[in-house]
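Hi everyone, thanks for having me.

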Amino acid sequence: MVELYINGKAYRVNVEEETPLLWVIREHLGLTGTKFGCGKGICGACTVLVEDSPTRSCITPVKSLQKKRITTIEGIPSNHPVKVAWRELQVPQCGYCQPGQIVEAYALLKRNPKASKEEIVSVMSSHLCRCGTYGRILKAVQRAQKLMGVAS
């Protein structure tokens with residue numbers, strides 16, 4: 001039995017301790033916003049926050065997460081500036097990588113609301129988008145900064 005704290009709620013799940021967090025989130029808890037991409041922690045589609053740090057859930061065993069605070073895409077309020085900016089600028093094309101992208105951007109702006117263009121590009125480049133929406137992603141992060149009142 002594994003005890004997890006996800007999006008402000010405690011869960012007890014009967015899984016093997018080596019089970020990747022992604023499968024617990026999606027298959028056992030029904031939080032399907034987090035996506036399976038490469039399964040190797042490379043593409044970023046499965047990114048969640050563990051104690052506010054972006055984490056690839058497809059390669060993270062649940063045994064390492066007991067009693068840690070986990071945030072999925074569902075745990076970010078719909079009126080948060082990052083989500084608002086994503087909608088305003090219609091960032092997604094196919095949308096598959098977007099939950100991981102939004103979680104990463106949310107973490108970046110929480111850690112550094114005044115991140116420079118170079119910092120945004122550097123951090124967001126750890127995610128793969130097969131549709132190539134990188135320009136819109138950059139603009140959305142910068143728009144979120146404006147909505148947060150930290151950029152001109």
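Let me start with a definition: buried area is the accessible area, found with a 1.4 Å probe, that two parts lose on being put together, summed over both. Keep that in mind for a moment.

First, some ground rules. This is a predicted model, where local features need pLDDT of at least 70 and side-chain atom pairs count only at pLDDT 80 or more, while totals for chains, interfaces and linings use all residues. Residues are numbered from 1 along each chain as its sequence is written, and side-chain values use heavy atoms, leaving out hydrogens and water.

Now, the overall picture. The chain has five helices and five strands; these are DSSP runs numbered from the N terminus, with helices being H or I of at least four residues and strands being E of at least two. Reading from the N terminus, the order is β-β-α-β-β-β-α-α-α-α. The C-alpha trace spans about 50 × 30 × 20 Å along its principal axes.

The chain is assigned two domains: domain 1 covers 2–74 and domain 2 covers 81–148. Such bounds come from an automatic or database domain assignment. Over C-alpha atoms, the two domain centres lie 21 Å apart. Domain 1 brings 16 residues to the contact and domain 2 brings 14, where contact means heavy atoms within 4.5 Å.

So how much area do domain 1 and domain 2 bury between them? About 1,200 Å², with 62% of it on carbon and sulfur atoms.

What else links them? Between domain 1 and domain 2 there are two salt bridges, a salt bridge being a side-chain nitrogen of Lys or Arg within 4 Å of a carboxyl oxygen of Asp or Glu. Elsewhere on my list is the salt bridge joining the side chains of Lys110 and Asp52, at 3.2 Å from N to O. On the domain 1 side that touches domain 2, strand 3 (47–50) and strand 4 (53–56) each supply at least two residues. Strand 3 gives the most, with three residues.

Finally, let's zoom out again. The whole structure holds six salt bridges. One pairs Glu51 with Arg69, whose closest N and O atoms are 3.6 Å apart. Glu51 sits in the loop between strand 3 and strand 4, and Arg69 is in strand 5 (residues 69–71), so to speak a link between distant parts of the chain, 18 residues apart.
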